[in-house]
There are 6 protein chains.
Amino acid sequence: MNLLLINPNTSTSVTDRIAGVARAAAAPSTEIRAVTARTGAPYIATRAEAVLGAASVLELLADHANGADAVIIGAFADPGLGAARELLRVPVVGMAEAAMLTACMLGRRFAIVTFSVSLEPWYWECVEYNGLARRCAGVFCLDEPFSGIDDVADEKAARLVELCGRAVAAGADVCILGGAPLAGLAAQVADQVPVPLLDGVAAAVRQAETLAVLGPRKATAGSFRRPAPKPMTGLSPALRRLFEEG
Amino acid sequence: MNLLLINPNTSTSVTDRIAGVARAAAAPSTEIRAVTARTGAPYIATRAEAVLGAASVLELLADHANGADAVIIGAFADPGLGAARELLRVPVVGMAEAAMLTACMLGRRFAIVTFSVSLEPWYWECVEYNGLARRCAGVFCLDEPFSGIDDVADEKAARLVELCGRAVAAGADVCILGGAPLAGLAAQVADQVPVPLLDGVAAAVRQAETLAVLGPRKATAGSFRRPAPKPMTGLSPALRRLFEEG
Amino acid sequence: MNLLLINPNTSTSVTDRIAGVARAAAAPSTEIRAVTARTGAPYIATRAEAVLGAASVLELLADHANGADAVIIGAFADPGLGAARELLRVPVVGMAEAAMLTACMLGRRFAIVTFSVSLEPWYWECVEYNGLARRCAGVFCLDEPFSGIDDVADEKAARLVELCGRAVAAGADVCILGGAPLAGLAAQVADQVPVPLLDGVAAAVRQAETLAVLGPRKATAGSFRRPAPKPMTGLSPALRRLFEEG
Amino acid sequence: MNLLLINPNTSTSVTDRIAGVARAAAAPSTEIRAVTARTGAPYIATRAEAVLGAASVLELLADHANGADAVIIGAFADPGLGAARELLRVPVVGMAEAAMLTACMLGRRFAIVTFSVSLEPWYWECVEYNGLARRCAGVFCLDEPFSGIDDVADEKAARLVELCGRAVAAGADVCILGGAPLAGLAAQVADQVPVPLLDGVAAAVRQAETLAVLGPRKATAGSFRRPAPKPMTGLSPALRRLFEEG
Amino acid sequence: MNLLLINPNTSTSVTDRIAGVARAAAAPSTEIRAVTARTGAPYIATRAEAVLGAASVLELLADHANGADAVIIGAFADPGLGAARELLRVPVVGMAEAAMLTACMLGRRFAIVTFSVSLEPWYWECVEYNGLARRCAGVFCLDEPFSGIDDVADEKAARLVELCGRAVAAGADVCILGGAPLAGLAAQVADQVPVPLLDGVAAAVRQAETLAVLGPRKATAGSFRRPAPKPMTGLSPALRRLFEEG
Amino acid sequence: MNLLLINPNTSTSVTDRIAGVARAAAAPSTEIRAVTARTGAPYIATRAEAVLGAASVLELLADHANGADAVIIGAFADPGLGAARELLRVPVVGMAEAAMLTACMLGRRFAIVTFSVSLEPWYWECVEYNGLARRCAGVFCLDEPFSGIDDVADEKAARLVELCGRAVAAGADVCILGGAPLAGLAAQVADQVPVPLLDGVAAAVRQAETLAVLGPRKATAGSFRRPAPKPMTGLSPALRRLFEEG
């Protein structure tokens with residue numbers, strides 16, 4: 001099986017991190033191709049950066065989706081997910097979506113735990129957009145400086161474990177480590193957290209495989225049917241083809 | 001991987017049906033053991049029958065959960081699911097839960113489509129219990145006689161396809177064929193429905209595999225930690241052991 | 001009027017306690033018969049124990065419901081309530097349900113106050129199941145050891161009064177002392193709490209009398225009509241009769 | 001026990017009707033005093049008329065609440081209920097509130113069935129205000145002329161029974177005949193409706209008795225404590241006393 | 001343009017305050033007439049006082065609405081708003097409604113910040129009534145004595161700024177200073193609060209102008225059509241005319 | 001006052017239409033500059049097209065926001081609105097948002113009425129995103145071919161009036177004509193619809209003026225503070241400046 005892992009952030013170090021975790025989580029026969037946004041923020045944290053990230057997702061799909069059995073959007077609040085799902089013939093999952101829905105099979109309420117308070121509004125909008133507010137015990141964020149996104153997982157490991165404890169005390173049955181820079185940390189600290197601890201990338205990879213195996217048909221009706229062809233303006237040839245042919 | 005597939009209905013023909021679909025959906029290396037309730041209704045359709053079904057689930061777990069890497073509750077509104085999740089060290093998924101959460105990765109709103117109007121209240125309570133009412137375009141039920149649960153899938157195939165069409169017109173992006181007696185039908189009629197069509201058993205098997213691979217730890221805190229041992233009364237030795245040791 | 005008071009817990013001391021409170025709360029002409037679960041936990045606190053409790057409720061109904069004008073389920077989160085309501089021709093109320101709905105006539109938001117943090121998840125699910133989350137200011141629980149369920153009401157009286165004060169500060173207009181082991185305490189400490197304080201047993205008894213007097217007909221349609229007869233397996237003769245004839 | 005039954009409508013024929021139904025529903029020892037608004041609409045059907053009705057309720061309380069053990073607001077969407085509950089030391093219930101909360105003990109979802117489409121918006125706001133939208137299968141209204149409020153119950157009995165049938169088909173487990181002019185009709189047609197059928201006046205009387213017997217203390221905290229005394233302007237001496245002393 | 005500004009409180013000092021702020025906020029060509037309730041509380045803070053305030057609003061409309069292009073209800077939780085909107089041919093806005101809806105165009109979640117904890121329940125009911133609970137980060141109230149409503153804005157300015165800070169920390173993107181006695185304060189302290197700070201009166205004036213310019217027709221259908229004429233009892237000639245002719 | 005009106009669609013005929021309506025609706029002293037997306041769909045109708053539209057909004061802001069007192073996003077479901085609100089120092093409103101919030105001051109429930117069923121999912125997501133589902137009676141769409149977006153308003157005027165009638169029957173107190181190609185139609189047919197009929201462009205212009213006059217400060221905290229500067233990649237100089245300086 002071929003999975004395309006899209007990093008809507010421009011930081012290739014983040015791509016490397018999530019690609020490594022993805023390969024470790026995937027079935028042995030799964031191939032993972034990871035690609036990086038050429039435009040936008042090194043690490044998306046706001047609505048404005050997410051607009052650029054979503055546009056980058058479409059461009060990367062246009063260039064790389066061919067041959068993939070399923071696609072993963074590798075940024076936590078899933079920029080461009082609905083758009084990609086409309087356009088493609090194969091399944092697309094987002095990291096946040098996959099982690100939250102997986103968490104719902106492990107407990108009644110999940111918490112999202114992450115490293116920067118600046119992510120909270122965007123993450124919470126993602127919870128609400130998914131209609132999962134009642135299943136979410138909260139978005140728990142560290143509110144302290146960190147050296148950089150490449151080291152934040154190591155640097156803040158102990159503090160994030162502590163924060164998971166607070167989330168559990170607040171009613172969480174499951175914790176999700178949110179944000180691509182934390183990919184891989186869950187595996188290292190899972191035994192220090194008293195409830196199941198999910199890694200967004202690992203959850204997304206397994207869910208992408210699941211969807212690809214289930215092999216759902218492309219919708220030709222409903223809100224995820226492909227948009228009818230229109231005279232689009234200003235698109236690269238590849239992107240135009242994506243809109244015209246999926 | 002070993003999966004235990006529990007049929008909370010007393011009908012062994014239903015067990016055979018869902019076991020067959022489960023084996024077809026599972027990864028090649030997955031072993032599936034299917035067991036049948038000894039007490040209760042041939043096919044659960046009401047809250048009262050679900051109480052018996054839930055009790056049967058615990059008894060079957062007591063006798064058969066040993067050695068399983070994950071457990072599937074093979075009746076659509078998931079009787080006994082929360083209880084099983086509290087008691088066991090390994091993941092447990094329900095057919096309805098797995099199908100609905102999988103559907104959420106394929107569209108904005110799903111519909112549950114089934115063969116008997118008598119199932120509607122129980123199924124809708126399951127949707128609400130999962131906090132997914134906003135994601136559900138409705139529970140769509142045939143309201144007409146059928147010969148029996150063993151043949152209803154074949155007998156009503158065309159009518160259920162029609163009903164899926166109505167669900168799509170009402171806003172569904174994905175349809176789920178609900179109810180164990182319909183297991184296997186989705187694969188046969190998927191190309192006649194214009195949106196992704198999910199089989200509850202297939203979804204549950206893949207999600208059980210996914211959870212088993214992710215390998216979440218057993219909660220020692222939160223609402224799915226195992227209950228503290230208590231002096232239980234009137235339990236079979238196996239059930240007592242399940243409550244005492246998981 | 002004859003009321004059947006079912007204790008889904010196996011502890012007869014709890015039965016004695018709630019029966020005493022029930023008799024004190026009932027109209028002079030009301031007779032109360034109290035029966036105790038033969039199977040399950042001495043005091044239900046988890047989903048798994050509630051599954052056993054719900055099954056016990058059906059068994060006790062099978063043996064004792066005959067001749068009752070209404071039935072009360074005497075455990076706070078109402079195990080087996082929906083099932084009992086389907087099967088019986090006479091009204092059935094649950095302690096939690098009766099207390100919460102009564103509270104809604106005394107204020108805008110109620111709080112449930114109880115003696116053990118282990119009860120919180122089950123109680124909160126009950127609030128949500130009843131669709132009353134918006135009317136509930138929270139489930140407030142002591143988080144400290146107690147000697148045993150027979151003495152917890154006396155032992156923790158002062159601490160529970162304190163906790164009611166915290167609930168009022170958090171927006172509660174009414175407090176409910178939740179959990180059968182606290183039956184009778186409300187009458188003793190009501191004057192120490194600055195808002196109406198409800199006893200679940202007393203509320204349930206008066207609501208059961210109210211329903212019995214209103215004399216609603218048994219539904220023959222809707223989701224609480226009796227289930228159509230089916231070939232049930234493994235049931236005691238009495239339970240079989242309950243499923244077949246109500 | 002003494003109950004004060006307040007008719008916020010100015011029509012004495014409606015007062016006579018609801019007083020008769022109230023006396024038939026009450027316990028033998030209960031005395032019912034019924035009083036009629038002096039100002040406002042003969043039959044409240046809009047927000048503007050409800051403002052006058054609520055003001056009338058306070059005036060009638062000022063003149064007549066003395067000596068009552070509980071008070072009933074005898075207009076279906078409960079004008080002035082919250083205000084009365086703040087001011088009085090004894091319990092107050094509204095017809096709609098009492099009927100809806102009673103219905104919640106008889107089924108999962110109730111319907112309100114009434115004789116004029118002009119009542120729908122006000123009734124639905126009442127359902128929402130009570131936080132019971134999830135428990136309500138809808139407000140079902142006849143949309144056809146009627147001779148007058150004194151005869152509408154007789155004139156439309158058959159049509160309302162029919163409408164109850166539609167409500168049941170739409171998911172109602174219980175029907176409530178809403179609106180004071182329909183008081184008494186439920187008793188006459190209950191056997192023609194396949195689910196429990198509630199009379200708002202009867203439900204309110206029994207709930208008022210229940211609350212009076214439970215004897216909750218007057219809140220001195222929370223949102224239903226009495227307002228602190230203020231220099232009120234333009235009030236009758238009795239109304240001033242009500243605000244000052246309850 | 002002529003705006004009628006109704007103060008449902010009896011305090012003329014409050015009228016003067018809000019009229020001053022209204023004139024400062026209005027377009028140069030807008031005329032503002034301010035009138036004061038003759039009956040009720042100097043400053044409405046409870047449901048009971050709001051009933052009197054709503055009745056006063058109708059009386060003031062009866063006497064003064066003639067010639068107005070739009071009407072403002074100048075008490076924060078908008079007593080009588082729905083009733084006024086039914087009766088009048090011109091637009092009516094409430095201070096709370098206008099401020100909250102304006103806030104929704106400046107951020108995701110707003111907070112209401114006010115000077116007395118006694119206002120919290122009434123304000124929160126207003127948020128819920130408007131269906132805006134999901135957009136509201138909370139009602140934040142000082143819980144400390146103040147000298148009087150005429151001076152509370154000056155006296156508590158610093159404390160309210162502090163409270164806005166707490167609201168922002170709790171997730172508010174916008175703060176609203178709620179309560180007519182705080183009118184005008186926002187302009188003075190806006191630069192001390194790190195998010196947009198709204199004055200209810202200023203927002204209401206601009207929204208009233210906006211609605212008057214948009215010039216929506218009076219509804220002749222839907223729930224805000226004028227009530228059909230009825231034989232009203234006990235009304236002043238002016239109020240009778242308002243009900244009969246708008 | 002200077003307003004910037006952004007058309008996220010690439011069709012200049014749509015720009016001309018909305019600019020004309022905007023100028024007619026604006027105060028005499030207001031200047032309106034209208035700009036058109038260079039990239040994307042002639043008329044946005046899907047999530048994928050909205051991603052391109054949102055990116056175009058940011059590019060147009062980068063080039064044209066300078067000097068504007070407020071900005072209007074002139075496509076109905078408000079692509080890029082949150083992003084624009086984060087980045088700019090001046091207020092930004094969306095057509096859908098402005099129309100819906102204005103409608104909330106004219107009635108209890110609004111309906112969105114539009115010309116193509118393909119718009120329904122995107123519009124409904126916008127209603128839900130704004131947390132206004134409880135205030136919305138539905139999105140009502142024609143389901144029939146039309147010649148083109150330039151003529152659809154004229155061609156379908158009578159059919160849309162009819163659809164408004166259906167929306168009113170379904171509970172709408174206010175109707176909104178949704179979609180930029182319908183701009184201007186409301187003024188022509190308002191007298192044929194029995195409730196207030198809103199034009200999204202006119203509402204947005206007046207709300208933009210209102211916000212500009214209220215002059216809220218730019219948030220320096222909360223979720224609409226400007227994102228902290230980051231090393232962005234692949235942006236035009238103007239867009240980079242927008243991210244860096246607003």
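The legends below describe close-up views of a predicted model.

**View 1. The open sheet of chain D and the order of its strands.** In chain D of this predicted model, an open sheet of 4 strands runs in the order β2-β1-β3-β4, and its strands pair in the parallel sense. The edges are formed by β2 (31-36) and β4 (92-94) of chain D, each of which pairs on one side only. From one strand to the next, the twist averages 20 degrees. Strand β3 of chain D, which covers residues 70-73, is joined to β4(D) by 3 bridges in the parallel sense, and D:Val71 stands opposite D:Val92 in β4(D).

**View 2. Two helices of chain D against the sheet.** Helix α1 of chain D, made up of residues 12-25, packs on the sheet and touches β1 (2-7) and β2 of chain D, and the direction of α1 makes about 165 degrees with that of β2(D). Helix α4 of chain D, made up of residues 95-103, lies across β3 and β4 of chain D and runs at about 80 degrees to β4(D).

**View 3. The two domains of chain A and the contact between them.** Chain A is divided into domain 1, which comprises 2-95 + 203-245, and domain 2, which comprises 97-199. The centres of these domains of chain A, taken over C-alpha atoms, are separated by 22 Å. In the contact, 25 residues of domain 1 of chain A meet 20 residues of domain 2 of chain A. On the domain 1 side, α1 (12-25), α2 (47-64), β4 (92-94) and α9 (200-214) of chain A each supply at least two residues, with the largest share, 6 residues, coming from α1(A). The residues on this side of domain 1 of chain A divide into 14 nonpolar, 8 polar and 3 charged.

**View 4. The contact between chains E and F.** Chain F contributes 38 residues to this contact, and chain E contributes 38 residues. On the side of chain F that touches chain E, α4 (95-103) and α9 (200-214) of chain F each supply at least two residues, and α9(F) gives the largest share, 8 residues. By class, this side of chain F has 23 nonpolar, 7 polar and 8 charged residues. Of the interface residues of chain F, 100% are also interface residues in chain E, so the copies meet through the same surface.

Notes:
Residues numbered from 1 in each chain as written. Chains lettered and ligands numbered in written order. Predicted model: local features only at pLDDT ≥ 70, side-chain atom pairs only at ≥ 80, totals over all residues. Contact = placed C-beta atoms within 7 Å. Pairing = 2+ DSSP bridges. Axes fitted to C-alpha atoms, helices over the stretch in contact; angles between N-to-C directions. Nonpolar A, V, L, I, M, F, W, Y, C, P; charged D, E, K, R; others polar. Domains from an automatic or database assignment.
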